[in-house]
Structures are given as C-alpha cells and as structure tokens.
Amino acid sequence: FVRDETFARGEYIGVSSKKYGTVLYGRQMLNVSGVYEELFASSFAPATLSYQAYDLGTGAPTFDFRSSRAITYTTPNFNNTTLSFLYTPNQMVGDASKVLDAKNYGAMAVYDDGINRISASYNELVSNYSVNYNGIIYDEIKTKDYRLFALKRLNKNLFITGTANYLKPDSPDAVSAQIYGTMINFEQPKYNLKAALYHRQVDKKDMSAMIYAVGANYHINKHLDAYIRAEYIDNNSKAKYTMNNILLEGP
C-alpha cells in the first residue's frame with residue numbers, strides 16, 4: 001500500500017455494494033478526474049497533467065501518480081451520478097518524499113448518461129514537511145486543485161474531451177497554474193487513434209508551456225496490443241515542465 005523506489009503501482013482492498021457504494025483502502029488512483037483515463041502516464045490520462053507541478057514554488061506539494069494509504073468512498077449510482085471522497089495521510093512516501101509527501105483531501109462528482117460524461121473535483125494537498133523560506137519556517141503549505149472535465153461521444157467511434165484545471169499553492173514563493181486542453185479519440189475494432197493539445201498557463205515568472213501529443217493503439221489479437229505515444233512540450237524560458245516525472249535541473 002506504500003510507494004517506494006521499486007514499486008509505484010496500485011494495490012488496495014475493499015468492499016463494494018450496489019446499494020451502499022464502495023470503500024477501498026490502499027494505494028490507488030487519485031480522486032481528481034473521472035472522465036477518460038488510460039493506463040499510461042501521458043496527456044491521454046488527463047489527471048497526470050498536474051502531477052509535474054513541482055516547479056510552482058518552494059514547498060508547494062504536488063501529486064504522486066497514486067495515493068499511498070488512501071481510503072476512498074464512492075456512492076451508489078443515482079440518476080447517472082456518483083460522488084467520491086478520498087483521504088490519505090501520505091500522498092507520496094518513498095523516493096523524493098520530502099518534496100512531495102502530503103495529506104490529501106478530495107471530493108469528486110461524476111455524471112454519465114452513456115453519451116455525455118462530466119466531472120468536477122476539488123483536492124487539497126497539505127504538506128507534511130516544513131520549509132524555510134527567507135529565514136521563516138512555514139508549516140502545512142497547501143495546494144488547492146480545482147478541475148472540470150467533459151466528454152462527449154459523437155458516435156460509437158469518436159469522442160472528444162475538454163479539460164480545465166486550476167492549481168493554487170499558498171506558499172509565499174509559489175505561483176498558480178491553469179491547464180486547459182482538449183483530446184480527440186477515434187476507435188475502430190483493430191486500432192485506436194488519438195491526439196491532444198494543452199496549454200499550461202502559469203501566473204507570472206514566464207513559466208507557461210504548450211503540450212502536443214499523438215498516440216495510436218493496434219489490436220494484434222486477443223492476447224496482444226501494440227501502442228505508441230509521442231509528446232512534444234514547448235516550455236517558456238523559465239519553465240521546467242515535463243510529462244515523464246523526471247525532474248529537470250533547469251529550464
């Protein structure tokens with residue numbers, strides 16, 4: 001249930017009931033998206049777009065790919081709508097934990113009628129570590145995360161997704177970020193094509209970025225698929241944004 005340097009995947013245990021909902025405990029996906037997610041950490045998994053928000057300022061906590069020691073509750077489906085709630089004392093433990101480890105409080109609503117899928121979420125990360133900035137000690141620095149997602153199925157083969165994300169750290173040496181984007185997905189029995197475009201706008205400091213992505217899957221047989229993902233990121237002069245979770249030493 002805990003991230004370390006050699007294992008960062010998901011493992012959890014829980015109970016599920018159509019009448020009472022689902023409770024899970026362990027290392028699990030974040031309570032931030034609810035629209036369209038793929039298993040790869042890329043621009044086609046919209047939740048991952050804020051994971052690398054480590055460059056927003058001193059002490060500002062950010063997300064890991066999954067939450068360690070997380071407990072979640074998801075309500076039964078009522079009129080095509082579900083609510084989910086998450087709490088973890090360790091958003092990340094293990095490698096680089098002093099940078100990222102934080103408590104996480106999250107809530108998300110998802111509506112899905114089979115054609116339209118809409119979600120809204122709020123997460124609050126609270127750092128478990130103090131930082132020293134200009135001789136002053138700051139405890140429990142927060143990053144507030146607001147998101148909206150919308151997916152529209154145009155037909156059985158084609159859907160489009162729009163996203164909006166606002167990250168607001170309260171560190172005295174931090175800036176806010178907004179991420180806006182769209183993704184298109186075209187599915188056929190033997191293959192799947194996709195493309196995405198995102199703009200990451202950072203208040204002040206010339207730290208914005210554009211993200212361009214293309215991808216394809218090919219279904220070889222019932223046991224084997226092949227896939228390719230390609231992304232290009234155009235960072236402004238002071239930005240250090242990446243999509244592969246490898247921290248950059250400089251812009």
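Colleague: Which twelve residues form the largest nonpolar core?

Modeller: This is a predicted model, in which local features need pLDDT of at least 70, side-chain atom pairs count only at pLDDT 80 or more, and totals for chains, interfaces and linings use all residues. Residues are numbered from 1 along each chain as its sequence is written, and side-chain values use heavy atoms, with hydrogens and water left out. A nonpolar core is a set of buried Ala, Val, Leu, Ile, Met, Phe, Trp, Tyr and Cys residues joined through side-chain atoms within 4.5 Å, where buried means under 20% relative accessible area, exposed over 50%, and partly exposed in between (1.4 Å probe, protein chains only). The largest such core consists of Phe 44, Leu 151, Phe 159, Ile 179, Met 183, Ala 196, Tyr 198, Ala 209, Ile 211, Ala 213, Tyr 241 and Met 243.

Colleague: Which strand gives the most residues to this core?

Modeller: Helices (H or I, at least four residues) and strands (E, at least two) are DSSP runs, numbered from the N terminus. Two or more core residues come from each of strand 11 (177-187), strand 12 (191-202) and strand 13 (209-221). With three residues, the most is given by strand 13.

Colleague: How many bridges join strand 11 and strand 12?

Modeller: Two strands pair if DSSP finds at least two bridges between them. Strands 11 and 12 form a hairpin with three residues between them, and Ile 179 has Arg 200 in strand 12 as its bridge partner. Their pairing is antiparallel, and the number of bridges is eleven.

Colleague: How many salt bridges does a search of the whole structure find?

Modeller: The criterion is a side-chain nitrogen of Lys or Arg within 4 Å of a carboxyl oxygen of Asp or Glu. One of the pairs is Asp 112 with Arg 117, whose closest N and O atoms are 2.6 Å apart. Asp 112 is partly exposed at 26% relative accessibility, and Arg 117 is partly exposed at 24%. The search of the whole structure gives a total of four.

Colleague: How far apart in sequence are the parts that Glu 140 and Lys 103 tie together?

Modeller: The side chains of Glu 140 and Lys 103 meet in a salt bridge, at 3.9 Å from N to O. Glu 140 is partly exposed at 48% relative accessibility, whereas Lys 103 is buried at 17%. Because Glu 140 lies in the loop between strand 8 (136-138) and strand 9 (142-153) and Lys 103 in strand 5 (residues 102-112), the pair ties together parts whose separation in sequence is 37 residues.

Colleague: Which residue in strand 9 does Ser 121 stand opposite?

Modeller: Ser 121 lies in strand 6 (residues 116-127) and is buried, with a relative accessible area of 9%. Strand 6 runs antiparallel to strand 9, joined by eleven bridges. Beyond its neighbours within four places in sequence, Ser 121 has contacts (heavy atoms within 4.5 Å) that include Asn 31, Val 32 and Asp 145. In strand 9, the residue opposite Ser 121 is Arg 147.
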